[in-house]
Each structure stands twice: as C-alpha cells, then as structure tokens.
Amino acid sequence: MKKYFIHTFGCQSNKSDSERIAGDYEARGYQPAKSWEDTDEVVVNTCAIRKSAEDRARAFVLKVVKHYKDKKLPKPKIIFTGCMLHHGKNKIMDMVVDIDEILPVNEVGFNQSAVRRDKKHAWIPISAGCNSFCTYCIVPYSRGREQSRSMEEIIKEVKDLVEKGYSEITLLGQNVNSWGLEKLGIGLRKMLMSQDEFTREMIPDNQSQYLKPKGTPPFVKLLREISKFPEIKIIRFLSSNPWDFHDELINEVVNNKKIDRYVHLPVQSGSNTVLERMNRGYTTQDYEKVANKLMKGDPNIVLGTDIIVGFPGETNEEFEETVEFAKRMNWQVGFVAMYSPRPGTAAFKLYKEEIPYKIRKNRWEILDKIINKDNLKTRPKVV
Ligand code: SAM
Ligand code: SF4
C-alpha cells in the first residue's frame, strides 16, 4: 500500500484542510506514513502570512530532498498546496525546484470527508477565502473570494460527528461571523484583484463589505442549529471580526452556554490611525464596545486577540496607543506578530515607510510581555 505524509504550516484552516487532504488520500487507498523520512508522497501545506513561514516551507522541501539523496532512496513525490500558491504555479515551480505537483487550495474541497486524529474535538470549516482586503494581508489573494458553505452541509457534518461520538467543535473561517452574508448579496463591495496602479482610494472600504443584515444574522442561526444537538457540549469559532459582531451575535454568545467563554477577536492595532491604514474598517472605540458588551453580558467571557507591530509608518505614539489599549483590554492571550511585507498586498504597494527590524522586534517584546505576562496577574480565569 502506498504511503502519504502531510506537513502542515500555519493556521487552523490549514490544519483542517490537511485533514481533508488526508481523507482524499485514504479514499484512494493510501495509508498514512509515520514520518516524511519514509513515504511515497509528501504534501507540503504552506502558509504565506509572513515571509518566515514561506522560508520554512522551502527549507522543509530541501530537507526532504537531501534526506532521500543521502540515503540513496528514490525521492517521494512532493506536492505543494496552501497559501504560497498566491505566487502562481510557474513562480512556485521556480522558487522550489523539487516540487512535482501543485494542488490548488480550492480543489481541497469542503465535502471531502476529513481524517481526524482527535476523537472528541473537530474543526469544521464553514467558509473559505476573504473579501476584507486588510492592506497587510495576503489571504484575499491566496484564498480568493469569501465563500460560505451551506447550512445543510455543515449540519450534515455535525450530525456525522455526533454519530462518531464528537462533543466539541470549532467552526473555522477567516471571517467566521460573516458566514452566509455574501449569499444575501447585500453591500458586497467592488473587488480589485489585478490592478497595477494602486491608490489608497482603490482599497475597498472594509466597513461596507456587508451591510447589517435584516433580522437574525446567518451565523447566529447556524450557532442555534448546531446547539440543538444535545451531544454537542462546546462550540468555538475562529476568527471573528469586530465589524460583523452584531448585537444579536453578542446576545447569543452571552446566553448560549454551549458557546465557549473564550472569544478570539483580533484587533490588529490599538491605534486608530494605524487601523485606518490597515483598512480594518473599525476604530478602537468600536472594538471596545463589542468587547465590553460581551464581558458585561457574562463576566466569565474572556477575549484573545491578534496584533501586528511595526506596520509601515507606525510611530512611537501610535505604538504607545496600542500599549495603552492592551493594558486596558487585558486580553487572555495575544498573538503578537512583527509586520512582514507581503508582495502583492496594498500595504506593500502603498506604504513604503518600513520600520527597521530592531524597532519591530523591540515593540514585539514590549507588547508580548504586557499581554502575555504582566497582565496575567489581574486577568480573570477562563472557566
Ligand atoms: N482573518 C483573521 C483576522 O482578520 O484577524 C486572521 C487571519 S491571518 C491568517 C492571522 C493573523 O496573521 C492575523 O490576525 C494577523 O495578525 C497576522 N498577519 C497577517 N498578515 C500579516 C503580515 N503581513 N505581517 C504580520 N502578521 C500578519
Ligand atoms: Fe486577512 Fe483581514 Fe481577511 Fe483576516 S480579514 S484574512 S486579516 S484580509
């Protein structure tokens, strides 16, 4: 029986995609290899969020090739997939010469059944792609336009999981709480994928991506449907954005105790001027309103966040605003990242005022310490 091995870089979405790639292999009669050192095929599921993630994927391929060469064994077939495909097939083949095949991310498919190692908790992708065009981010280019899976498909997957004994699920999407909104066809803004000339005015306005839906937002309906399964005890979702976190969703999180009390709500910066340059479409005041409603609604709710330091042109004052905001928000956890310029993004084209590495590193250390160490003393416990 032929063997496959999948090496996954990056976020939970990639891990979830890898479970479906494994499902496809096993449906074709392959068995999982214990290690990349002894396999017939290696899938490299890549991340492109930061340059360092791309470098690690390339280094991994070189390591695989060297290992088989040193052992005088035939090289396994190397298949590249994931967010690095934003470079385009030809460029990728030039960048990483040992690749044999490209697997386009959109061919991974929601409906391929997943091979899950965990028997209690399951990741469920509910949407793919992103329409938000935050200026620093490669995802809208690597993953394409936002596409929600249908309610029927998701519920069918939950039902299958329940029958297999699963009791915890995490719903995944780049804008998980925007689920279903693109299907309503409201307020979808213009897209600009292949513009050579780029100006600030051409960046889509994030706030108007979707207008506020009339009635109950689709994501709330989905949470309610999933909550009806008595066997499902814990529901989590990743990553939510502040702009589609409407009051009805806040109330649902507060009152539906199947929903985990930890909510991940990336803010990206605590400075309004930086948020504006990032095209995040909200202010720190908007963010704080959502956060306060959640935490006042149920004092057991705790928040976590993602923050980028050293965004082009970030002044000392702007960084200080983020520091003050972090002290005030007292997040449970903060994934702090140093800005990494991503060719093809609006920030790469528009904002040339790069912050030197030493300053970015210093800001990273300061903020990481405040959020992930100092604030610990005063932070509420997750229940
Ligand atoms: N969709 C989610 C959101 O809007 O927050 C997160 C998506 S992204 C896969 C995960 C995190 O990577 C982001 O929250 C951001 O903090 C970080 N990130 C994205 N682009 C980056 C860049 N160019 N440099 C540094 N960090 C970046
Ligand atoms: Fe990237 Fe922004 Fe989309 Fe998140 S919402 S994936 S940060 S463009």
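This report covers the ligand site and the aromatic contacts of a predicted model.

## Basis

Local features in this predicted model need pLDDT of at least 70, side-chain atom pairs count only at pLDDT 80 or more, and totals for chains, interfaces and linings use all residues. Residues are numbered from 1 along each chain as its sequence is written, chains are lettered from A and ligands numbered from 1 in written order, and side-chain values use heavy atoms, with hydrogens and water left out.

## Around ligand 1

The shell around ligand 1 has 15 residues; a residue is near if one of its heavy atoms lies within 4 Å. Tyr136, Gln174, Gln268, Asp306 and Ser340 come nearest. By class, the shell splits into seven nonpolar, four polar and four charged residues. Here Ala, Val, Leu, Ile, Met, Phe, Trp, Tyr, Cys and Pro count as nonpolar, Asp, Glu, Lys and Arg as charged, and the others, Gly among them, as polar.

Asp306 places a side-chain N or O atom 2.6 Å from an oxygen atom of ligand 1. Gln174 uses a backbone N or O atom, 2.8 Å from a ligand nitrogen atom. Arg280 has a polar side-chain atom 3.1 Å from a ligand oxygen atom. Taken alone, ligand 1 exposes 570 Å², and the protein buries 91% of that (Shrake-Rupley method, 1.4 Å probe). Strand S12 (302-309) and strand S13 (333-338) are the elements that give two or more residues to the shell. Strands are DSSP runs of E, at least two residues; helices are runs of H or I, at least four; both are numbered from the N terminus.

## Aromatic pairs

The structure holds 13 aromatic pairs. Rings of Phe, Tyr and Trp (its six-membered ring) pair if their centres lie within 6.5 Å; planes under 30 degrees apart count as stacked, over 60 as edge-to-face and the rest as tilted. Tyr4 and Tyr25 are stacked, because their ring centres are 4.7 Å apart and their planes meet at 10°. Tyr4 lies in strand S1 (residues 3-8) and Tyr25 in helix H1 (residues 12-27), 21 residues apart. Both are buried (under 20% relative accessible area, 1.4 Å probe, protein chains only).

Phe133 and Tyr141 pair edge-to-face, 5.6 Å centre to centre with 85° between the planes. Phe133 is buried at 3% relative accessibility. Tyr141 also counts as buried, at 19%. Tyr136, Phe311, Tyr339 and Tyr351 form one aromatic cluster.

## Charges over rings

The charged end of Arg28 sits over the ring of Tyr25, 4.7 Å from its centre. Lys352 sits over Phe348 with its charged end 5.9 Å from the ring centre. The test asks for NZ of Lys or CZ of Arg within 6 Å of the ring centre and within 35 degrees of the ring normal.

How values were computed:
A polar contact is a pair of N or O atoms within 3.5 Å; within protein, one must be able to donate a hydrogen and the other to accept it, and residues adjacent in sequence count only if both atoms are side-chain atoms. Buried means under 20% relative accessible area, exposed over 50%, partly exposed in between (1.4 Å probe, protein chains only).
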